[in-house]
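Hi there,

Here is the structure we talked about, ready for you to open.

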Amino acid sequence: MARYKLIAIVGEAGSGKDSLAEALVDQLNDEGIATHEVVSYTTRPKRDYEIEGKDYHFVLPNIMVELILQNKILEAAEFNNWVYGTCIDDLEIDKINVEVLNPEGVESMSTDPRIDLCVIQCICNEKERLIRQLNREFDPNIDEIIRRLGTDRRDFCDFHPSDYSYWNTIVHTDSGLSVSEEAELVLTYVRHWTAESN
């Protein structure tokens, strides 16, 4: 059975996971490696800086329920009364799929026999993550940022990429490297993963 190749990029809020995913997709495509950036679905409202179809597919709860009932959602998680999920139709069998996931999403994907999973975790110190979150919005919601910090502490306290895939690595996104340089490091690892799993 053909398996969907999926790079799951995971990290706490402000860790640079979205920037790394975008840079990695660009570098893979530049090398002629067919790549697809997966866009998750969510029922939560769009934030000021987010773009529909790029950051998420923002859908009403009844649409998400319909997708789940049609068995089109590969993984779904509820967070703060919002549902997040990956639609099977968004994955492409002949490309390397790249998606930003939370720990629960990584766990779900790791148990699906249709998925060949590589996990990349972004690590960044809390002070830098807080500064990034404050700077990325015109009028940041302080209460929401503090809530996210607390939730991430709980969600990531026992998260280890090696629990979910043999193919896993960590990128320290506060080490002074540019996003392109971080993506180059990950790209080297991805080359090994694709060579071994083909």
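A term to start with: a salt bridge here is a side-chain nitrogen of Lys or Arg within 4 Å of a carboxyl oxygen of Asp or Glu. This is a predicted model, so local features need pLDDT of at least 70 and side-chain atom pairs count only at pLDDT 80 or more, while totals for chains, interfaces and linings use all residues. Residues are numbered from 1 along each chain as its sequence is written, and side-chain values use heavy atoms, with hydrogens and water left out.

**Salt bridges**

The salt-bridge rule gives a count of 16. In one of them, arginine 114 meets aspartate 112 at 2.8 Å, N to O. Aspartate 112 is buried, at 11% relative accessible area, and arginine 114 is partly exposed, at 35%.

Within it, arginine 47 pairs with glutamate 50 at 3.9 Å, N to O. Arginine 47 is buried at 18%, and glutamate 50 is buried at 7%. Arginine 148 and glutamate 144 form another bridge, at 3.4 Å, N to O. These two are four residues apart in helix H5, so about one helical turn separates them. In general, an α-helix has 3.6 residues a turn, so residues three or four places apart point the same way. Arginine 148 has a relative accessible area of 7% and glutamate 144 one of 15%, which makes it buried too.

**The loop between S3 and S4**

Helices (H or I, at least four residues) and strands (E, at least two) are DSSP runs, numbered from the N terminus. Arginine 44 sits in the loop between S3 and S4 and is buried, with a relative accessible area of 3%. Its side chain makes a polar contact with the side chain of tyrosine 84 at 2.9 Å. (A polar contact is a pair of N or O atoms within 3.5 Å; within protein, one must be able to donate a hydrogen and the other to accept it, and residues adjacent in sequence count only if both atoms are side-chain atoms.)

Glutamate 52 lies in that loop, between strand S3 (41–42) and strand S4 (57–58). Glutamate 52 is partly exposed, at 44%, and its side chain reaches the backbone nitrogen of phenylalanine 58 at 2.9 Å.

**Helix H5**

What span should the 15 residues of H5 have at 1.5 Å a residue? The expected span, 1.5 Å times one less than the number of residues, is 21 Å, and the end C-alpha atoms are 21 Å apart, which agrees. At the start of H5, a side-chain oxygen of asparagine 141 comes within 3.2 Å of the backbone nitrogen of aspartate 143. The buried residues of H5 include Ile145, Leu149 and Phe156. Contact means heavy atoms within 4.5 Å, and the buried residues of H5 pack against strand S1 (4–11), strand S5 (73–79), helix H3 (103–110), strand S8 (115–123) and H4.

Isoleucine 142, also in H5, is partly exposed at 42%.

Best wishes

Methods: Buried means under 20% relative accessible area, exposed over 50%, partly exposed in between (1.4 Å probe, protein chains only).
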